[in-house]
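This report describes salt bridges between charged side chains. The sequence and structure are shown first, followed by selected pairs and their surroundings.

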Amino acid sequence: VTTLGLKFDKRYSLQRIELEVNAQDYRYQDNSALDFTALNYAAAWRWNLTPKLTGNVTADRREYLDNTTLVQSTGTVNRNTEAANRIDAEYQLGAAWRVLAGFFDRSVKNSAAFLQGANSQISGGEAGARYVFPSGNSLAYRYRQGNGEFSGLPVGALLSRNFTDKEHELSFEWLPARQTSVQGRMAHLERQRDGASASEFSGVVGRINLNWMITGKTRMEAGVVSELVSYQPSTASYYDGERLYISPVWKPTEKTAVRLRLDQGVRRYKGVVGFEGRRDEVGQAGVSVEWEPQRFVKLIAALAQDERTSNFAGLDYKANVIGVAALFSF
């Protein structure tokens, strides 16, 4: 995999513009039919009309090849394209209270028709409030609702193609010490399906992230994630699970850094004929070394392992990845 990217980040008065574009070229040693080039981007306008009225306009697109065990026939090439657009605003009512509002549109598209990955599109809005304490800590509530549709599956594959997501979310940011911050969210997610109550699901999702600057040379990032994710084979389904990660960073010198990443989790598949009782354990482990020979260039070497162990035969997976990168800043 070869990647060439460009990142732009500049402030104009009260406005800030961010743009990141990269081209990724995939080449396979034994299966040249899978060779593929993708163009991805992430753009944002951090707008500020007055000191009290601020917000964001963002657009993201990610395209990649999905040729895992989810693909039904050997040799099938599937391009997965994920896109997300969002507009949000925050208005400061007083010293502590903020009013929140936003609109979003997200889509997932596949170039090949296969049963485990339906195309989907969802649009909706959110509203809420945030309270900021004098210490800088904050607590927010949001209600989010979106209407969506599945497409790209054979006729009769799903009992209902329309769905509605409703989510009540509490989020917080806590600054227990000068060098430590904790962010988290907990939400109740409910998916409703028109005329297909058997395929509906609901539950609690959330995450907690810790950022701790231990010393001037060491930093720790860690977190726990609770997931509830739609998964669409020939009948509607979903999986829930938990994931734990830890990522320490050590900077032995001003120009070098060593990063570790350990990620372990479990997924339990539910609501689908043929996958009852399926349980996957997923894990990732990696290490990277960074070196800045000059202020405008950074060189990176990385080694990682990605692994899945399933109680269903034929679904175990392991990959070893070696990567090098050069980043130029100007």
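In this predicted model, the side chains of E82 and R62 meet in a salt bridge, with N and O 3.3 Å apart. Because E82 belongs to strand β5 (residues 79-92) and R62 to strand β4 (residues 53-65), this contact ties together parts that are 20 residues apart in sequence. E82 is partly exposed, at a relative accessible area of 28%, and R62 is likewise partly exposed, at 42%.

A second pair consists of E290 and R259, whose closest N and O atoms are 2.7 Å apart. R259, by contrast, is partly exposed, with a relative accessible area of 28%.

Salt bridges that share partners also join R86, D88, E126, R142, R144, E167, E169 and R185 into one network.

A further salt bridge is formed by R16 and E18. R16 is partly exposed, its relative accessible area being 29%.

| Salt bridge | N to O distance |
|---|---|
| E82 and R62 | 3.3 Å |
| E290 and R259 | 2.7 Å |
| R16 and E18 | 3.3 Å |

How many salt bridges does the count come to? The total is 30 salt bridges, among them the pair E290 and R259.

How values were computed. Residues are numbered from 1 along each chain as its sequence is written. This is a predicted model: local features need pLDDT of at least 70, side-chain atom pairs count only at pLDDT 80 or more; totals for chains, interfaces and linings use all residues. Side-chain values use heavy atoms; hydrogens and water are left out. A salt bridge is a side-chain nitrogen of Lys or Arg within 4 Å of a carboxyl oxygen of Asp or Glu. Buried means under 20% relative accessible area, exposed over 50%, partly exposed in between (1.4 Å probe, protein chains only). Helices (H or I, at least four residues) and strands (E, at least two) are DSSP runs, numbered from the N terminus.
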